[in-house]
Amino acid sequence: MAPMNWFELSEKSISGEPLTREEALAVLESPDDHLLCVLHAAFRVRLKYFGRGVHLHVLCNAKSGMCRENCSFCSQAIGSYSGVDRYEIQSVEELVAGARAAHEMKAVKYCIVTATSAPSTKEVDTICEAVQIIKKEMPIKICTSLGFLNEETAKRLVGAGVDRFNHNLETAREYYPSICQTHTYDDRMNTILTAKSAGMEVCCGGIMGMGESLENRVDLAMSLREVNAESIPVNFLDPRPGTPLENRERMSPSDCLRALCMFRLTNPLTEIRVAGGREVCLRHMQALALYPANSMFTEGYLTTGGQGYDGDIALIRDAGFELAGFEA
Ligand code: SF4
């Protein structure tokens, strides 16, 4: 393949013409000497569609540590000995209080997550009641991530005011059996389609650094383009003690940045979120993630902490970006 012209690649992405698999792979295989050129190509696309705005999202781990699935990266999976907190679903009052705190932080979205295969009727009751109160009280968007979804639950969530449903594909179809055996890639795809057909936006991404090949990362990006997700969270494995992936090495900052650029260039119109593992994998290079990504979590993740809200705001401002998308 001829040397890549990164400027032309960004023009192609901006025009809406899909990148080929070879072009996407070239982004991931690009040498460190080209890193700033690759970041600039991704930044041109980001600037065109999202300006310098950064959407903040806040996670709420509403039910923790009790999932029956066996995703090998997850400290909340059955068989994990990670010692994470285990608790049943939070109360309506706790969920609403979390949304208030997120709104005060100028978050665009409050993401209610339960570590479950699928939510029980009682859990859906609690979440719907909380969402109805939140929606009356403050102009924050709600995302829920509750495991597998059936049509009836999807309709109830939409009726309560849930805007978006998160369900990650996590990795490429081909690699999925290597990271989970209790359900399939198609099970995940079915939930995504159920959420979409009920009228919710879809947040769907994956985790880099689980032992997948660069081709697998490209396959995931291409699948997400087909799914037409509104939002793609790009996580970097922060190996959790007590999980089957505990001994994996973290990705290098440069590889994390190349992955973010590849997702931006293959999915130009989609919100790309630099998600879990940001602080520990990107380290001093974190600010560069905002050149391809237009969204990030603040105040930590489901079972791991972050660098704190003040640190995140300083990061955004120091890099010349600004909070966007929130309603006062
Ligand atoms: S389904 Fe979700 S909560 Fe359950 S083990 Fe997999 S990633 Fe963890």
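**The ligand shell and the helix contacts**

A: Around the ligand, the shell comprises five nonpolar residues, two polar residues and one charged residue (Ala, Val, Leu, Ile, Met, Phe, Trp, Tyr, Cys and Pro count as nonpolar, Asp, Glu, Lys and Arg as charged, the others, Gly among them, as polar). The model is predicted, with pLDDT of at least 70 required for local features and 80 or more for side-chain atom pairs, while totals for chains, interfaces and linings use all residues. Numbering starts from 1 along each chain as its sequence is written.

The shell consists of C67, E69, C71, C74, Q76, A77, A115 and G147, each with its backbone-placed C-beta atom within 6 Å of the ligand.

Turning to the helices (DSSP runs of H or I, at least four residues), α4 spans residues 92–104 and α5 residues 121–137. Their axes, fitted to C-alpha atoms over the stretch in contact, with angles from 0 to 180 degrees, come within 9 Å and cross at roughly 40°. This angle makes α4 oblique to α5 (roughly parallel is under 35 degrees, roughly antiparallel over 145, roughly perpendicular 65 to 115, and oblique the rest). On the α4 side, V92, L95, V96 and A99 meet T126, E129, A130, I133 and I134 of α5, contact being backbone-placed C-beta atoms within 7 Å. By class, the residues of this α4 contact with α5 are seven nonpolar, one polar and one charged.

Helix α5 also meets α6 (residues 151–160), the axes coming within 8 Å and crossing at roughly 20°. That angle makes α5 roughly parallel to α6. Here V124, C128, V131 and Q132 of α5 contact T153, R156, L157 and A160 of α6. The residues of the α5 contact with α6 divide into five nonpolar, two polar and one charged.

How values were computed
Helix = DSSP H or I, 4+ residues; strand = E, 2+ residues; numbered from the N terminus. Contact = placed C-beta atoms within 7 Å.
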